[in-house]
Amino acid sequence: MKQGRHYLLIFAMLLCSTTGHCDEIITFADDLVRLICVTQWDTNTDGDLSKDEAAVVTSLGTVFKETAIVSFDELQYFTGLSSIATNAFQMCTSLESIVIPANVTQIGDGAFKDCTSLATVLFLRISRLSGMMRLLRAR
């Protein structure tokens, strides 16, 4: 952990203990995913993404399309998502694993098209997805 980031974490813990403002910060395994998420959805501009900030995201759009992301297991915290857009992760050829939030009921055509390294797609609860065969064929 970089020294500046270490101080930020200590500050966040101190702020939480003194003010009761305790948004849990998401720890991303993939630095590129973190960068994209913070750039897109860090509404309080603290340089991190909290579970509360992730929970209000209703669309990923295609911000991850054709990126070199490797894992996005933290997608599970994006509980405001009900769908994953068409081509959302298209050509993410390094993507190996992803966790789909429980509220997702639809995955668009080609959402994972050409994700040639994708080995693990975990669904957090019994899926009510439509279009699952299109998802599998698109890979």
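In this tour, a residue counts as buried when its relative accessible area is under 20%. The model on screen is predicted.

**Whole chain**

Start with everything shown as a cartoon. The protein has four helices and five strands, and along the sequence they follow the pattern α-α-α-β-β-β-β-β-α. Of the 139 residues, 35% are buried. Among contacts between residues at least 6 apart in sequence, 48% join residues at least 24 apart.

**The sheet**

Select S1, S3 and S5. These three strands form an open sheet in the order S1-S3-S5, with parallel pairing. Strand S1 (71–72) and strand S5 (120–123) are the edge strands, each pairing on one side only. In general, strands of a sheet pair through backbone hydrogen bonds, either parallel or antiparallel.

Now look at each side of strand S3 (residues 97–100). Towards S1 there are two bridges, in the parallel sense. Ser71 stands opposite Ser97 of S3, and Phe72 stands opposite Ile98 of S3. Towards S5 there are four bridges, again with the strands running parallel.

Show the side chains of S3. Which residues lie on each face of this strand, and are they buried or exposed? Ser97 and Val99 are on one side, Ile98 and Ile100 are on the other, and all four are buried, so both faces of S3 are covered under the cut-off of 20%.

**Ser97**

Centre the view on Ser97, which is found in strand S3. Ser97 has a relative accessibility of 14%; the cut-off for buried is under 20%, and therefore Ser97 counts as buried. Its bridge partner in S5 is Thr120.

Next, display the surroundings of Ser97. Leaving out residues up to four places away in sequence, Ser97 touches Val70, Ser71, Phe72, Asp73, Leu118 and Thr120. With one of these, Asp73, the Ser97 side chain makes a side-chain to side-chain polar contact of 3.1 Å.

**The aromatic rings**

Select Trp41, Phe64, Phe72, Phe78, Phe89 and Phe112. These residues form one aromatic cluster. The count of aromatic pairs in the model comes to seven. Two of the pairs are worth a stop.

Zoom in on Phe64 and Phe72. Their ring centres are 4.9 Å apart with 45° between the planes, and the pair is tilted. Phe64 has a relative accessible area of 1% and is buried. Phe72 is at 0% and also counts as buried.

Then move to Phe89 and Phe112. How are these two rings arranged? Their centres are 5.3 Å apart and their planes are at 5°; planes under 30 degrees apart count as stacked, so this pair is stacked. The pair links distant parts of the chain: Phe89 sits in the loop between strand S2 (83–84) and S3, and Phe112 sits in the loop between strand S4 (106–107) and S5, 23 residues apart. Phe89 is buried at 0% relative accessible area, and Phe112 is buried at 2%.

**The nonpolar core**

Keep the phenylalanines on screen. The largest nonpolar core has 30 residues, and those with the most contacts inside it are Phe64, Phe72, Phe78, Phe89 and Phe112. Colour helix H2 (31–41) and S3, the elements that give two or more residues to this core. Which of them gives the most? H2 does, with five residues.

**Helix H2**

Show the side chains of Val33, Arg34, Ile36, Cys37, Val38 and Trp41, which are buried. Trp41 is also one of the members of the aromatic cluster. Then go to the start of the helix and select Asp30 and Leu32. A side-chain oxygen of Asp30 reaches to within 2.8 Å of the backbone nitrogen of Leu32.

Key: Residues are numbered from 1 along each chain as its sequence is written. This is a predicted model: local features need pLDDT of at least 70, side-chain atom pairs count only at pLDDT 80 or more; totals for chains, interfaces and linings use all residues. Side-chain values use heavy atoms; hydrogens and water are left out. Two strands pair if DSSP finds at least two bridges between them. Rings of Phe, Tyr and Trp (its six-membered ring) pair if their centres lie within 6.5 Å; planes under 30 degrees apart count as stacked, over 60 as edge-to-face and the rest as tilted. Buried means under 20% relative accessible area, exposed over 50%, partly exposed in between (1.4 Å probe, protein chains only). A nonpolar core is a set of buried Ala, Val, Leu, Ile, Met, Phe, Trp, Tyr and Cys residues joined through side-chain atoms within 4.5 Å. Contact means heavy atoms within 4.5 Å. A polar contact is a pair of N or O atoms within 3.5 Å; within protein, one must be able to donate a hydrogen and the other to accept it, and residues adjacent in sequence count only if both atoms are side-chain atoms.
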